[in-house]
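Colleague: I would like to go through this model with you and ask how each label was reached. Please set each value against its cut-off.

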Amino acid sequence: MPRAFLIVLDSVGCGGAPDAADFGDEGANTLAHIAQACAAGRAEEGRSGPLRVPNMDRLGLGAAVRLASGEATPGLEAEPLGFWAAATEVSPGKDTPSGHWELAGVPVPWQWHYFPDTEPCFPPELVAEVCRFAGTTGILGNRHASGTLIIEELGAEHMRTGWPICYTSVDSVFQIAAHEETFGLERLLKLCADLAPTLHAMRVGRVIARPFIGDPEHGFVRTRNRRDFAIPAPSPTLCDWVHDAGRPVHAVGKIGDIFSHRGISDEVKGTDAELFEHIVDLAGRAEEGSLTFANLVEFDSKYGHRRDVSGYARALEWFDAELPRLLERLRDGDLLVITADHGNDPTFRGTDHTRERVPVLIHGRGTGSAGLVGFVDVGTSVAAHLGVAAQGPGRSFL
């Protein structure tokens with residue numbers, strides 16, 4: 001039986017979303033603007049010159065950007081040797097769950113709840129609920145914030161008072177940072193799990209535990225024990241379709257959290273470099289008929305939100321340089337799909353995700369183009385390749 005590998009490069013959008021203006025993102029284009037900045041010598045930190053991603057470009061990366069947006073792609077001008085497309089999202093959000101659910105065949109049927117950019121930003125009844133579950137008389141934060149900056153600012157006070165640090169962002173999230181040792185990791189995870197039903201009823205997409213360690217003298221650093229408590233998808237996704245057909249579904253990165261661990265056989269987390277090694281390993285040993293579903297988040301978390309053009313370009317070039325090792329381990333009949341869940345243009349104003357189309361690069365189906373497709377069509381196409389019945393509204397473009 002054939003196997004499928006679906007890799008989401010978090011936030012690697014390609015512009016051109018027809019409703020970008022509705023999100024305040026008209027003109028955003030993650031890939032095109034990175035390529036243009038590199039060609040103009042504006043991305044020279046830790047790298048130099050035009051953007052060099054020849055392997056993805058041969059799969060159709062530059063062609064997908066030009067189709068999606070019409071923008072120039074200096075350095076990305078190869079004649080595609082893979083099968084490629086550009087995908088458009090319809091869900092009313094530009095966040096991680098919306099993008100991944102729709103890629104897996106399920107558009108979001110509701111409007112997410114977002115907390116206002118005020119201080120305080122959380123309603124008093126929610127704060128009271130946090131205090132009740134945490135066993136404290138108050139919380140810290142209560143505003144929009146950068147996760148790394150807020151623990152630098154409030155870490156010492158958190159250790160002194162024992163109050164959890166609660167914050168949000170422009171995404172539909174409620175995040176709680178706490179010290180793994182003085183507050184306790186298990187206590188933090190239980191607090192988030194206890195709060196999740198209340199937040200999910202409000203249509204807040206994720207409650208995120210953000211543990212950290214350190215001290216005021218030496219500084220604080222977040223650990224790898226992050227845990228997302230995501231609202232479940234409203235109907236079965238690609239993960240469920242494959243799992244319910246008796247096939248293994250291997251989750252790499254935060255896929256398990258995004259899909260509330262539903263339809264998942266096993267999962268692994270780590271840095272992007274570590275996760276890529278897991279993908280290569282799975283290409284060598286994953287079962288016939290299996291799905292490997294991966295998310296590489298650092299494009300978004302380390303470079304997009306921080307508006308680091310050079311860093312984003314370095315990350316793209318790193319992935320592209322590693323890609324041949326994965327291609328070499330794929331078997332005849334395997335399908336590899338490389339795509340994204342939204343944009344995060346590092347040249348754009350603000351620090352938010354950007355509403356964009358995304359590239360869809362396919363190895364294992366010859367050469368050609370499906371043109372403009374929907375996010376939902378990606379999951380349906382993967383299911384068709386695996387010979388599994390799809391239950392969503394998408395159509396296979398394979």
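Colleague: In which helix is Ser98 found?

Modeller: Ser98 is found in helix H4, residues 96-103. Helices (H or I, at least four residues) and strands (E, at least two) are DSSP runs, numbered from the N terminus. This is a predicted model, where local features need pLDDT of at least 70, side-chain atom pairs count only at pLDDT 80 or more, and totals for chains, interfaces and linings use all residues. Residues are numbered from 1 along each chain as its sequence is written, and side-chain values use heavy atoms, with hydrogens and water left out.

Colleague: Why is Ser98 called buried?

Modeller: Buried means under 20% relative accessible area, exposed over 50%, and partly exposed in between (1.4 Å probe, protein chains only). Ser98 has 0% relative accessibility, so Ser98 counts as buried.

Colleague: What does Ser98 contact, leaving aside its neighbours within four places in sequence?

Modeller: Contact means heavy atoms within 4.5 Å. On that basis the partners of Ser98, beyond those neighbours, are Glu89, Ser91, Gly93, Val108 and Trp112.

Colleague: What makes Phe397 buried?

Modeller: Its relative accessibility is 13%, therefore Phe397 counts as buried. Phe397 lies in the segment after helix H13 (375-386).
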